[in-house]
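Please look over the two chains shown here.

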Amino acid sequence: MKFSGIWKKKKDHFQNIQLNESLDTLPKIPLHPELNQNIEVLKSAYKDCSDVVFREFSIGSSINAVLLYIDGLSNTEEVDQHVLKPLIQMKNHEHGAIFEKTKKEISVSDIKDIYSINDIFKQISIGNSIILIEKETKGISIGLPKWEKRSIMEPDAESVIRGPREGFIETLRVNTSLLRRKIRHPLLRMKQMDIGRYTETQVIVAYIEGIANSTLVDEVTSRLKRIKIDGILESGYIEEMIVDHPFSPFSQVLTTERPDVASACLLEGRVVILIDGTPITLIAPCTFASLMQAPEDYYNQFYISTLIRWLRYIFFFIALLAPSAYVAILTFHQEMLPTTLLLTIAQSREQIPFPALIEAFIMEITFEALREAGVRLPKQVGAAVSIVGALVIGQAATAAGLVSSPMVMVVAITGVASFLMPRYATGISIRILRFPIMIFSGMLGLLGVMIGITAIVAHMCTLKSFGVPYFNSTAPLKIQNLKDVLIRAPWWAMDTRPEFSSKDTSNLRRQSSNLKPGPSKGGGES
Amino acid sequence: MIEKGRISYLELALIMYATVVATAILYIPYVTSQHAKRDLWLSPIWGSLSGFLIVMIIVKLSKLYPGKTLIEYGELILGRTLGKIISFIYLFFLLHDTAIAFREYGEFIESAFLHKTPIIFVTGSIALSCAIAVHGGIETIGRCATIFLPIVLALYILIYVFLIPDLNVKNIFPIMQDGIMPSIKGSIAPHAWLSQFSLMSFLIPLLTNQQKVMKWGMFSVIASVLTMVFINLGNLFLFGGIISNLYFPVFEAARFISVGSFFEHIESIVIAFWVLGGFVQLSSFFYMLILGTSQWLTLPSYKQFVLPIGFLIIIFSVWSTPSFEEMIRGMGTTMPFYFLTVQLLIPVLLLGVAVIRRKRSKSFLP
C-alpha cells in the first residue's frame, strides 16, 4: 500500500534522526490509524526510558487504547479515577463516534486534541497523560500534571522588613500565577516559547500591552528566538545571550526573585522573562538607577527611602574606591591627612614590610576568598571559617605585622559597603572593578583613581540595555524622570512612568495628577 | 553620516563649555594678569567678542549647509582641491590644538603632584581612558559631560565658597588704572580659548534638533566667559597683586582652603575632580579630530582611527612645545594669533565665499 510506504519512509527517517535535533525542527509525523504502529514509534523513541509508562487497555472492553504518561509527572490517582475507570466501564461503543464519546467520558477540564507524534512528545514532557485509540488519527492529552515542588517562601537573597513575603519558585506555572494574582488586567500578556534542544525549557515573556514599548517586546522576543542551545538550566544562560554588550562587567538585565518587584517593573513598562526551573526572573531594560533601587524603597516612607538611596550611592563609591583611595593617599598625598591621623597610621605601618598597594591587595584578596568560602560552606563548618576569618584578618595578621590595622578597617568598610547594594549583580561589578582601580591608584595616586572612574563612567555611558541608555534620565538628562533616581518621590508625585515605556506619550501618566492628600481633599465630597 | 549618535542642546553646550573652560581656568589667570594686572577679570569679557563672532559665523555656515561639518562644506564652498587643502590646514591645526590641550593637562599634573612621572605616562593614561569615550561616539561624550560637568562646576564654586573668609574684595581696586588697554592686551589669551568655539561646527550636525542652536551656542559662550571672570575675580580677591607671579592660581587657592583645621590641603582632591572636566575636554577634542579626519578622507567609520590618532596626539603633545615655560610664553604671545588665524579666518573666508557664490548663482537666475 502506498500510504504505508510513505509511513515507513517517515519512520525510517525518524529513526535516522535519532531525535538528534530540536523537536521543533523535527518533521511532523502524523498519528497513524493503526494503534500498534503508533505505539511502536513511541516505544522506539522512548527506548530505555524506564519512566515512560504505556498502559494498554480497552475502552468498554472492545476498543483498544493506550494510556501514556511519564511516571512521577502525572497525577496517576486522578487519571485512574477520572479517566481510566470511566473509559473501561463505558458501555455503548460504536466505531466512528468513539473519539467524541471518549472525550465526553473524561471528567477533566484541561483536555486537548493532538494530531502528531511531535505533539505527544511536547505534552507528555510537561506531565500530561496521552490517550491513543485504535483507528483514530487523533489522540487526547489530559492535563493532570503533578510533581514535587517547593512551597512559596520568602527569598533569602531579597528579604524585606516591610513588604510581601512570597517569592518565585522553580515551577513556571506557579510563578505566572503569582504575577497574575497581582496584575489582574487581561492586558498582562504572557508569550510562551520553548528554548533548549534537549531541555525544551519553557520561557515566558510577560509584559503589559500598552505600557511596555512594543518594539522592546519584539526585540526581547527576537533575541530569545535567536538562542539555539542544548539546554537552559538557569536564567543566567539566557542573560548572557541577550545582553547588548557581552563583555561589560555591569549587569544589563535586572534579576529578581520577588513577584512584587516583577510586577512593579511590568507596571513601569519593562518586560519580565520567566524561566521554568529557576526562581530568578530577568527584567529588561535595566538602568544603573534601577540597580540601586530596593523593593522597600517604595513601601517605606519617602524621606527615609530617599536618604537610604543616597546612602547607597555614597557606599557604592566607597565599595569601589575605599582601598584605592587609601593606597593613593598613603603613597602620594600624605599631606591630605590631619597630622595626628597621619602619625597614627605611620606608627601602625612601621612594622609592615609591604608597600600600601601590596598590603591592600593581600587584604582584599583574602577578604574575597573568605567571602567566597562562606557562601559555599556547609552550615556546620561555616562558623569555623568565620572565626578563623575574623581572627586571621582582624587580629593575627595585624599582630604578626603583615598588615596594618587601618588597612583592616578599610577592608571591613569596603566589605560592608558592598553588602549595601540592593542587587547582588551590582556588588559583583564593584568587586571586579575594585582591583584595576587599585593598580591605577598605586601608579598615579588620586589621578589614577580619577582616570579609573572616567574610564568606567565612559564605558557605562556607552552601555545600552535593550536600547535604553544605562544612565537614562541622568545622562541623557530628563529632569522629569529624576524623581525616582536622585530621590524617591512620594507616590502621589510619581505621576509619570519612565519614558522608555511607551512611545505613546499620552499613556505616560500612571495616576491622576491631583492625588496629594490634604485636609481640603479628605472626606467624601468630590 | 559617519556618526549615528545624536546629542541634545544641553549636551552641545556642556561639551563646548568643557572644551573651552577646563584648561582655561588653569592658564588664563596667569597669562591675562601678565598684561592686565588687576584688570584681569575684564579680559575674558573682551575675549567673549571672538567667541560670539565665531559662534555666529559657524551657525550661519551650518544653516547654509545643513548636516555638514566644516571639513565637508569647505570642499563644497571652495571646490575639491582648495577645499581639501583648507580642511587639511584646519585638521592639522586641530591635531596641534589637541596635542597642546593634552600637554597643558600633562604639565599641570606634573607641576602639581607627579613631579617625577614621565609626562608621556600621564598624558598617555588619560588618552587611553578618553579613547574609550571616543570609541563610544558622541553620545558617550555628551553623557559623560552631563554627569561630570555639574560636579566640576560645583567644585569651581566650592573652592571659593570655602575661601570666603580670606577673600578681600578691595583687591579689585583700582579698576582700569592705566586705561582700558592693559585689559585688552590681556584678553588675547581668552580670545584664543574662546576661538575654539569654531569646533562647534563638528557638533551642530549631530544635534537632534537644530532650530535653537544659536541660542545655546551663545549660552555656552556666556557661561564660559562668566566662569573665567568668576575664577579671575576669585583669584584676584584672594591674592591681590601677586597673582601675576602664580602659574596656577586656582591650584594655589585650593591649597589655602582650611575648614575646621582638619579639612585642609585638599588640593589633590581638587585636581582629581578637575580631571573630570579635563577628561571631557580632551575626549571631545580627540573625538572631533577623529571625526574630521575620517570626513576628510570620506571614510565610512572613524572607530579604527581611535588608537592610531591617539598615539599621534601623544607624540605631538611632546613635540608641540619644548618646555612648560615656552608653552606659557606662547600662550601670551604667538598662540592666540595662530589660533585666531585658523579658527576665525578660515570660517570667515568660507562664509564670505559661500555668500558671494550664493548671490552670484541667484543673480543668474531669471
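## Chain A

This is a predicted model. Chain A holds 17 helices and 12 strands. Its radius of gyration is 30 Å, while the globule rule gives 24 Å for 526 residues. The value for chain A is well over the rule, so the chain is more spread out than a compact globule. Along the principal axes, the C-alpha atoms of chain A fill a box of roughly 105 × 70 × 40 Å.

How much of chain A is buried? Of its 526 residues, 37% are. Now take the contacts in chain A with a separation of 6 or more: 66% of them join residues 24 or more positions apart.

Domain 1 covers 35–142, domain 2 covers 172–286 and domain 3 covers 301–469. Between the C-alpha centres of domain 1 and domain 2 of chain A there are 34 Å.

## Chain B

Chain B has 15 helices and two strands. Its radius of gyration is 20 Å, close to the 21 Å from the globule rule for 366 residues. Chain B is therefore as compact as a globular protein of that length. Its C-alpha atoms fill a box of roughly 75 × 45 × 40 Å along the principal axes.

Buried residues account for 55% of the 366 residues of chain B. Consider contacts in chain B between residues at least 6 apart in sequence. Of these, 84% link residues at least 24 apart.

## Where the chains meet

On chain B, 25 residues are in contact with 25 residues of chain A. Which elements of chain B give two or more residues to this side? They are helix 5 (119–136), helix 6 (138–162) and helix 12 (267–296) of chain B. By type, the residues on this side of chain B are 16 nonpolar, eight polar and one charged.

## The nonpolar cores

The largest nonpolar core has 217 residues. Ile273(A), Val449(A), Cys144(B) and Val280(B) have the most contacts inside it. Helix 1 (residues 9–36) of chain B gives the most to this core, with 18 residues. Why does this core lie between domain 2 and domain 3 of chain A? Domain 2 (172–286) and domain 3 (301–469) both give residues to it, so it lies between them.

Return to Ile273(A), in the largest nonpolar core. Leave aside its neighbours within four places in sequence. Ile273(A) is then in contact with Val203(A), Val205(A), Val220(A), Ile238(A), Thr281(A) and Leu282(A).

## A closer look at Ile451(A)

Ile451(A) sits in helix 17 (residues 446–462) of chain A. Is Ile451(A) buried or exposed? A residue is buried if 20 or more other C-beta atoms lie within 10 Å of its own. Ile451(A) has 24 C-beta neighbours inside 10 Å, so it counts as buried.

What does Ile451(A) touch, leaving aside its neighbours within four places in sequence? In chain A, its contacts are Phe440(A) and Leu444(A). In chain B, they are Ser125(B), Ile126(B) and Ser129(B). Ser441(A) is 10 residues away from Ile451(A) along the chain, and their C-alpha atoms are 9.0 Å apart.

Conventions
Residues numbered from 1 in each chain as written. Chains lettered and ligands numbered in written order. Predicted model: local features only at pLDDT ≥ 70, side-chain atom pairs only at ≥ 80, totals over all residues. Contact = placed C-beta atoms within 7 Å. Helix = DSSP H or I, 4+ residues; strand = E, 2+ residues; numbered from the N terminus. Nonpolar A, V, L, I, M, F, W, Y, C, P; charged D, E, K, R; others polar. Domains from an automatic or database assignment. Core = buried A, V, L, I, M, F, W, Y, C linked by C-beta atoms within 7 Å. Buried ≥ 20, exposed ≤ 12 C-beta atoms within 10 Å, placed from the backbone. Rg over C-alpha atoms; globule rule 2.2 N^0.38 Å.
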